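Me: I would like to work through this structure one feature at a time. Please give the general idea each time, then the case.

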Amino acid sequence: LFSFSTLWLLGVVVLAQNFNVVSPQKSVIPVQNFNQRTGLKTDCLGSYMRLTVDKSLAFGNLVEFDVINGSKIEPLTPSLASKCGFSVTSDPWGNYRVFASLFNCYAANEDDHLFDINMRVRVRGVKAGQDVFQVDKTCSHEKWAPREVLCDRNYMEVSVKRLPGEITAMRRQPKMTDRQAKGDYQWVDSVSEAITSKDNIWRMVFFTPKQKAMLLEDALKAGYGVTTTKSRLVLRSGFDMPETYEENVSGVPMKMIKVTTYFKRQWSVTMLDTVAACPVGGLSFTDEMITWNFPRVNPLMSSGEATIVGMFMGIDGSEMDSAQMASRGYILTIEGNYIVMKIPIGGPDGYYKSHAVDNQYNIRYYIEPMLELLWSEGGMDSTRYRVLFPIETPFMPSPPQFVDFTDVDTRMFDVLLGPFLYDVELVNLTSSAGVLTLAEANVRGFNIQEQRFQNGSKAFRLQVPFSDSFVVRSVSV
């Protein structure tokens with residue numbers, strides 16, 4: 001007699017696909033304009049640009065990105081990305097997204113209104129050569145708040161108007177003729193430009209929370225992004241930089257960077273404070289729902305007088321309206337001391353991915369919501385705060401089911417194992433008799449088929465002859 005239970009000795013090895021940025025190839029490759037081929041899309045989304053590389057172009061290939069400034073082309077490495085205002089993400093289907101801050105190191109900036117961003121996308125097949133696509137995008141954005149904070153997946157960026165407060169007051173002097181006022185405006189603009197340009201940065205004091213002074217060149221060498229535009233001072237820091245530190249606000253851990261920048265002339269010193277605090281927690285999960293709690297008032301960045309005047313939700317960097325949110329079951333509310341975002345697990349804006357944990361099959365749900373707040377602290381002081389916040393659920397055990405179709409008369413085991421997600425691949429079979437690849441198994445008479453279902457999942461059907469030595473025999477008494 002043959003024991004059907006012995007088939008459980010067969011082990012299924014699964015691989016979940018992963019996508020990585022690899023080193024560039026040093027070769028001369030013809031460049032195509034991205035408009036000549038589908039699969040690439042750019043969007044201007046407020047203070048950043050989003051480049052999407054579709055799976056139709058990227059799936060099964062290695063995808064690399066370069067940043068361009070004139071004739072200068074550099075590969076987009078993780079360290080360069082966090083310093084200069086870029087982030088890259090992908091999903092199991094092969095879709096890539098690149099987010100580029102409009103204030104990134106390589107953007108051409110015209111009056112803080114028009115921003116030209118140039119990149120290259122290099123797609124290399126496993127066996128073939130490379131295709132290179134030029135991406136040129138101009139974004140227009142002029143609705144800058146006095147303070148703008150962007151929390152991306154790998155860096156935080158804060159920009160502030162660099163017109164000194166005491167000079168702003170001079171603009172409001174009463175009892176001046178139009179001619180006098182015009183003359184003062186011109187004088188004020190020239191003074192502001194002179195004493196707060198990048199060339200006049202004397203030193204920067206980082207609070208960790210202890211004070212740590214650096215010269216500008218030392219801050220740049222350390223990996224911080226520091227620049228001035230026509231009207232703003234921009235500071236950028238990776239989350240893992242030594243001068244960042246963590247604070248707890250109403251139970252939500254926040255990573256923060258706080259810097260005072262000193263601009264010096266022979267006759268004056270001007271100080272500008274910059275601070276950014278980005279959430280690194282605040283999540284809770286049930287079997288059906290993700291809940292993200294964010295402090296309604298953040299004393300690290302604002303006073304208790306702050307009033308929220310705008311609150312928005314988005315997905316993958318794009319803002320959603322109330323009808324879109326309702327159709328997907330998303331909720332954004334204020335509850336006591338928190339802004340609360342609720343996201344159903346399994347919605348169409350996220351995706352599941354397979355994981356093997358301690359030889360057990362698990363899945364996780366991934367989604368990247370966006371939270372945007374606009375708050376005012378009275379007068380002209382306001383802050384626009386935007387967070388791109390990737391979320392992954394805890395591991396959810398999903399043991400495959402075993403369905404036995406074996407008919408003794410056929411002298412062959414016939415079983416179905418599943419379901420699995422789309423990203424699972426059957427690699428080999430293992431038993432006490434050894435390990436077989438799929439090719440080896442089929443040569444010796446196994447029949448192994450992959451079956452796909454309408455919901456995107458799959459299962460594997462295995463047919464194994466009773467007579468094969470791979471089968472463990474036992475005798476019933």
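Me: In which strand does tryptophan 202 lie?
Reply: Tryptophan 202 lies in strand β14, residues 201-207. Strands here are DSSP runs of E with at least two residues, numbered from the N terminus. This is a predicted model: local features need pLDDT of at least 70, side-chain atom pairs count only at pLDDT 80 or more, and totals for chains, interfaces and linings use all residues. Residues are numbered from 1 along each chain as its sequence is written, and side-chain values use heavy atoms, with hydrogens and water left out.

Me: Is tryptophan 202 buried, partly exposed or exposed?
Reply: Buried means under 20% relative accessible area, exposed over 50%, and partly exposed in between (1.4 Å probe, protein chains only). Tryptophan 202 has 37% relative accessibility, so it counts as partly exposed.

Me: Which residues make a nonpolar surface patch with Trp202?
Reply: Patch residues have over 30% relative accessible area and no salt bridge; nonpolar side chains (Val, Leu, Ile, Met, Phe, Trp, Tyr) are joined within 5 Å, like charges within 9 Å. Areas come from the Shrake-Rupley method with a 1.4 Å probe, and for residues only the protein chains shown count as cover. Here Trp202, Val269 and Met271 make a patch of about 300 Å².

Me: How many aromatic pairs are there?
Reply: A pair of aromatic rings is described by the distance of the centres and the angle of the planes. Rings of Phe, Tyr and Trp (its six-membered ring) pair if their centres lie within 6.5 Å; planes under 30 degrees apart are stacked, over 60 edge-to-face, the rest tilted. The count is 19 aromatic pairs. Take phenylalanine 115 and tryptophan 144: the centres are 6.0 Å apart and the planes at 75°, so this pair is edge-to-face. Phenylalanine 115 is in strand β10 (114-124) and tryptophan 144 in the loop between β11 (130-140) and β12 (147-151), so the pair ties together parts 29 residues apart in sequence. Both residues are buried.

Me: What geometry do tyrosine 361 and phenylalanine 420 show?
Reply: Their pair is edge-to-face, with 5.1 Å centre to centre and 70° between the planes. Tyrosine 361 is in strand β28 (360-367) and phenylalanine 420 in strand β34 (412-420), so parts 59 residues apart in sequence are tied together. Tyrosine 361 is buried at 9% relative accessibility, and phenylalanine 420 is buried at 5%. Elsewhere, ring pairs link Trp292, Phe294, Trp375, Tyr385 and Phe389 into a cluster.

Me: Which ring does the charged end of arginine 364 sit over?
Reply: The rule needs NZ of Lys or CZ of Arg within 6 Å of the ring centre and within 35 degrees of the ring normal. Arginine 364 sits over phenylalanine 395, 3.8 Å from the ring centre. Lysine 258 lies over the face of phenylalanine 207, at 5.5 Å.

Me: How many salt bridges are there?
Reply: Side chains of opposite charge can pair when their charged atoms come close. The cut-off is a side-chain nitrogen of Lys or Arg within 4 Å of a carboxyl oxygen of Asp or Glu. The count is 20. Aspartate 66 and arginine 120 form one, with the closest N and O atoms 2.9 Å apart. Aspartate 66 is in strand β5 (62-69) and arginine 120 in strand β10, so parts 54 residues apart in sequence are tied together.

Me: Which residue forms a salt bridge with glutamate 372?
Reply: Arginine 384 does, with the closest N and O atoms 3.6 Å apart. Both glutamate 372 and arginine 384 are buried. Salt bridges that share partners also join Glu64, Asp66, Arg120 and Arg122 into one network.

Key: Helices (H or I, at least four residues) and strands (E, at least two) are DSSP runs, numbered from the N terminus.
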